[in-house]
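Let's take a friendly walk through this model, one region at a time. Please keep the sequence and the 3D view open beside you.

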Amino acid sequence: MDIILAHRQLDFDALASMVAAQKIYPNSVLVMDGKPNVYVQDFLALSKDQLRFRKAQDINVDEVSRIILVDTHELRRAGLLGEKLAKLPSVQVEIYDHHPYSGELKQGMFIETVGACATILVEKLAALGLPLSSFEATLIAIGIYDDTGSLLFDSTTVRDVQAVAYLLGQGANLGVIAENLRRPLAEEQKELLQELLDHGQTEFFDGLPVYLAYAETVEYVGGLALLAHRVGELESADTWFLLVKMENRVYVVGRSRGRGLPVNGIVQLFGGAGHARAASATIKDAEISVVLKQLRIGIQSRAIRPYLVRDMMSYPVKTVTPETLLGEVEQILLRYGHTGVPVTVDKCLVGIISRRDVDKAIKHGLRHAPVKGFMTTKVTTVDVEAPWDEVQRLMVQYDIGRLPVVEEGNLVGIVSRSDVLRLVHGGSVPMETQLVRERSVAMRQDILDLIAGLPGEIRKILEAVRDTAEEEGCSVYLVGGFVRDLLLFVPTQDLDFVVEGSGGQFATALMKRIPNGKLTQHIQFGTAQIIFPDGSHLDVASTRWEYYSFPGALPQVEESCLRDDLFRRDFTINSMAICLNAEHYGELVDYYGGKRDLQQRKIRFLHNISFIDDPTRMLRAIRFSERYQFDLDKETREALYTAIESGVLSKLSVERFTEEILLILKEKNYLGMGRALISSGLFKAWFGKEYDWNFDFEEQEDGASWSLNTRWLMALSKMDSIAICKLLERVCLNKSLRDDTLTFVRMREALKEPLTLSELDRLLNKAPKGVVMVLARDDRFSKLIEEALEASQRINMSLDGKALLEMGIKEGPGIGEILDRVRMAWLEGRICTAEEEKGIVRQWVNTLRR
């Protein structure tokens, strides 16, 4: 006999899982051991005809051959019957559960981390194509809704949502679901809730607030999970525990929101289990006072300092003085994209000036007026040691987007709405904070493993950088494309480092550990380069902020912090860094979600005027998108089209545009990039009209990649000669590329005229190989060139100028003419051997002598 069991005190998820399991195991028997919770009791009172349960005491254990256990992975939690059956090794057990399990998964164990156990069984029902009645679909949906708080609990997963959608498609009735979930608390639950609130208080563990509540009742009261939810709502707690003694057991229920303390580790001290945000334990023959004391000790040992304002603020802060002119403030706000700037005197905050106030004053012709007459002196601030939620409270209360952070009256940082949202929604925060270290430490070993797989020479350089940083006492990071490609498992050789300090000084110190390099410094940009004998190099720069005087201009550079340095980059996937200091070696710094975008295969810019600041980023967006087969995210794609339509490309120099195009032509997937440049409208916007570009061909030539020159000529091959010459006015090509382009145009025009074989050979013989290769792909000339090239294969000249002199021919222009005639004779098949070659030369000489 097959039986289906769940834990005692049956809740809706367990009931739903049992019903779903019986659909999968149609010959099984539903068995109930113990008393369900009050809501399930009421539901079953009306559903006895549809759900036929047998009592546990009516089951003969000797007849049981298989157990389907749901909503728990421990038979002992299934009551006395479960305990008896656990002692029989001959009984087969299959398990469906969603609670954390640390053991080894064996055959027949289906344990998944989802919000409700019923979700796992719904997925199996759907895979097997087993239909459900409206009643069954409704009951199972009640189970999922109940265990996930109507899909609002933090433990809810997308799989739970998909399971509910499937059940609605099977006829689940939302009205019946709502009726069963919105029922008021029973009287005994109300009394228990009131006692919990009466005996509840928030206690602090190293600054971490935890709400603890306890109560005691003689009779068992079901629905502790629901009461825990109500307490959390009423007390607005991030972490809370309920301790309830009923009968001879103490029940511990822990809950945590995303910012709270993981509760599963705490309840494990009492033999319980659960998720980081929802867990419980049951202790037999215990007293509340003893359990409460143990609970406090357990929380204290695991308490993590709450996130403070100093963990999330940005610094250093751009400030002005009361005497700064409004026109200067306007430029600062535009340059840094701020909506306001603090006003200070010797680091002491005395006011704040907003962009709105600046704009109003300038409209009235007050550009040369000082800030002090227009700044707000009543400034809402927050202390550096305040908890992060104090920022949230102040922003909501006063409807302000930026709060200056003060320490002993001095301005030390600033915190914005985006900082709060980043914390609430799980984004990155600055590397210098404890918070980001907690997040990056989990990845650190993965990064170290990737570094360990790098070539030995690169590892030696990274170790030299680490040791130099220790010696110089500064923070150093590996940044940019190398970090991106390392995380994509395709590391490049381009090493870029940024130093929070003097990049030039650090590079000089690094040279002591890398003696075979040559150091070049660029003082204006705060950068340095070490070049190695093999031509490879590494770049070192001070952390800096860049701003653009006008679209397309070269950036102006100012010293700044790492966060600003990464923000100046083009895309989130290029704005990550890896710390190389010994203490944090291998920790990833990701303020802007670069790793997320790598995983989601997205190209995302860092701010809305990114393409306006530097239009070449539009070409780079396409290059990276096609290189990695990533998509431009919606805002980035729309901003690209907006920038094109605004005519911002006209501000870009021909040299910079050409540089980006040539970089694209060096890429493996340059054909896809070329097509994207056309479809996006970038080429039309730059060149002024649509040219007949050619990026629809296959590059296959003896298994080797074509040269950049050949790729460029193929891209132009469908344009007429006039169009090519016009196009050359909008690019700045090097001499080799420009000469090849003009040679291609001249040869193509020449090939349109009738040519003898010798004229054709002379034309092809003088042309670069790439030019000939592209012309040979033109259907108009392919047969002609093929024949000429085949004819040239017959040429096996042994004579040269020296040999002709030895034959008695006088030195002079006649030597070259004879060699040309010999080549033509070979080409036309009039000679086939070296002897014939010499014979025909003697014949010509004798003729001349007569």
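## A covered helix

In α20, the buried residues are Gly-503, Gly-504, Phe-506, Ala-507, Ala-509 and Leu-510; buried means under 20% relative accessible area, exposed over 50%, and partly exposed in between (1.4 Å probe, protein chains only). Helices (H or I, at least four residues) and strands (E, at least two) are DSSP runs, numbered from the N terminus. Before going on, please note that this is a predicted model, in which local features need pLDDT of at least 70 and side-chain atom pairs count only at pLDDT 80 or more, while totals for chains, interfaces and linings use all residues. Residues are numbered from 1 along each chain as its sequence is written, and side-chain values use heavy atoms, with hydrogens and water left out.

Helix α20 spans residues 503-510 and is mostly covered, with six of its eight residues buried. The cover over those buried residues includes α18 (456-472), β18 (475-479), β19, β20 (518-522), β21 and β22, where contact means heavy atoms within 4.5 Å.

Thr-508 also lies in helix α20. At 40% relative accessibility, Thr-508 counts as partly exposed. Leaving aside neighbours within four places in sequence, Thr-508 is in contact with Leu-519 and Gln-521. Thr-468 is 40 residues away from Thr-508 along the chain, and their C-alpha atoms are separated by 10.0 Å.

## The strands beside it

Strand β22 pairs with both β19 and β21; two strands pair if DSSP finds at least two bridges between them. Here are the two pairings.

| Strand | Partner | Bridges | Direction | Opposite residues |
|---|---|---|---|---|
| β21 (residues 527-531) | β22 | five bridges | antiparallel | Ile-531 and His-537 |

β21 and β22 form a hairpin with five residues between them. In the turn, Gly-535 has a positive phi of about 95°.

Helix α8 covers residues 187-198. Its twelve residues should span 16 Å at 1.5 Å a residue, and the end C-alpha atoms are 17 Å apart, which agrees; the expected span is 1.5 Å times one less than the number of residues. Which residues of α8 are buried? They are Gln-189, Leu-192, Leu-193 and Leu-196. These cover an arc of only 100° around the axis, which puts them on the same side of α8; the arc is that of the directions from the helix axis to the C-beta atoms. On the other side of α8, Glu-187, Glu-191 and Asp-198 are exposed. The buried residues of α8 pack against α2 (38-46), β8 (208-217), α9 (224-235) and β9 (239-246).

## Cysteines

How many disulfides does a search of the whole structure find? It finds zero, a disulfide being a pair of cysteine sulfur atoms within 2.5 Å. For Cys-732, the closest cysteine sulfur is in Cys-725, 16 Å away and too far for a bond. Cys-732 counts as partly exposed at 39% relative accessibility, while Cys-832 counts as exposed at 55%.

## The whole chain

The chain has 37 helices and 28 strands. Its C-alpha trace spans about 135 × 80 × 55 Å along the principal axes. The radius of gyration is 38 Å, but a compact globule of 850 residues would have one near 29 Å; this radius is taken over C-alpha atoms, and the globule rule is 2.2 Å times the number of residues to the power 0.38. Buried residues make up 49% of the 850 residues. Among contacts between residues at least 6 apart in sequence, 64% join residues at least 24 apart.
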